[in-house]
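Here's a protein to look over together.

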Amino acid sequence: MTQTKIAIIGGSGIYDIDGLENAEWVTVETPWGAPSDQILTGSLNGVGMAFLPRHGRGHVHSPTEVPYRANIDALKRLGVTDVISVSACGSFREHMAPGDFVIVDQFIDRTFAREKSFFGTGCVAHVSVAHPTCPRLSDACETAGKAAGITIHRGGTYLAMEGPQFSSLAESKMYREHWGCDVIGMTNMPEAKLAREAELCYASIAMVTDYDSWHPDHGEVDVSAIIATLTGNAEKGRALVKGLPDLLGAERAPCPHGCDRALEYAILTAPEKRDPALLAKLDAVAGRIL
Ligand SMILES: CSC[C@H]1O[C@H](OP(=O)(O)O)[C@H](O)[C@@H]1O
Ligand SMILES: Nc1ncnc2[nH]cnc12
């Protein structure tokens, strides 16, 4: 049995979490550079926890510049088994209103200026992201959220845009009316893809902060309104996180959906053709099978 270790990646407006026992900010070095910030480690009800502010304390990294590979590698290196992203998002659906939480289960990746894989020349791998989030971890988030009195929508398609500017009205309408997207944000990709490559279970909680720019009765999105909604949600988010350790348990069996075995048949490069330098960088991410 593996010990459960739950990581929370906190998005915009979430730079710390309270209530961890033996809390300590630790520096983690990775072959992919420095993570967004130090990582807060500790435990909650006997379960190991880690918290990483995605944009760094003080919000220093733009969505494009977040060191996604270093973040996921650092969490893996710390022994994390389950990653929960908590993000701000715009909503394309009237009934997904500001203040509601959406447990995202699909993504459309429109980002184009980010490193999206740990693999490449010298070690080529193709993992499946047909189902990019873990249903078991998403179940726990839904249950904990409902117990905390949060309005939760289970399932939704998240459009990941490059940013940093928000969408034009034409883009917003296209994503909503033609592409079937439910919410929009700038950070869950490539994060979810990298978590899958690192064989980590990943769930995404998108906190609705605005109606982007499509809604005729709401002004277009601006950052001050987003932060006001997030601040109003902080207590709900904290309550959700506190419910997770008991739901996930201190020990975990293999993921029933195979997230923790995603690399099993993914690597194509012949053993004799693999690049030792890249293999060395993959020690944490793919050490289980390399
Ligand atoms: C603060 S407005 C836009 C910014 O907020 C979201 O960040 P995160 O996903 O880390 O909560 C969004 O994706 C943008 O990066
Ligand atoms: N409307 C929006 N578009 C992109 N990212 C967001 N984060 C919060 N609201 C957003």
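What follows is a short tour, from the overall build to the inside and then to an annotated site.

## Ground rules

This is a predicted model, where local features need pLDDT of at least 70, side-chain atom pairs count only at pLDDT 80 or more, and totals for chains, interfaces and linings use all residues. Residues are numbered from 1 along each chain as its sequence is written, chains are lettered from A and ligands numbered from 1 in the order in which they are written, and side-chain values use heavy atoms, with hydrogens and water left out.

## The overall build

The protein chain contains 7 helices and 13 strands (DSSP runs numbered from the N terminus: H or I of at least four residues for helices, E of at least two for strands). Its C-alpha trace spans about 60 × 40 × 35 Å along the principal axes.

Of the chain's 290 residues, 54% are buried, meaning under 20% relative accessible area with a 1.4 Å probe, protein chains only. Contact here means heavy atoms within 4.5 Å. Among contacts between residues at least 6 apart in sequence, 82% join residues at least 24 apart.

## What's packed inside

In soluble globular proteins, nonpolar side chains tend to be buried together. A nonpolar core is a set of buried Ala, Val, Leu, Ile, Met, Phe, Trp, Tyr and Cys residues joined through side-chain atoms within 4.5 Å. The largest one here has 46 residues, and those touching the most other members are I39, I72, L75, V83, F118, F119 and L282. Helix 1 (residues 68-77) gives the most to this core, with 5 residues. There's also a second, separate core of 34 residues, including I8, V47, I84 and V221.

## The annotated site

Which residues does the UniProt annotation "binding site" cover? The unreviewed entry lists M186, D210, Y211 and D212; positions are given in the numbering used here, feature names are shortened, and such annotations may be inferred rather than shown by experiment.

Let's look at two of them. D210 lies in strand 12 (residues 201-210), and D210 is buried, with a relative accessible area of 10%. Leaving aside neighbours within four places in sequence, D210 is in contact with residues including C89, G90 and V221. D212 sits in the loop between strand 12 and helix 5 (223-248). D212 counts as buried too, at 3% relative accessibility. Not counting residues up to four places away in sequence, D212 touches several residues, among them G90, S91, F92 and V221.

Conventions: Buried means under 20% relative accessible area, exposed over 50%, partly exposed in between (1.4 Å probe, protein chains only).
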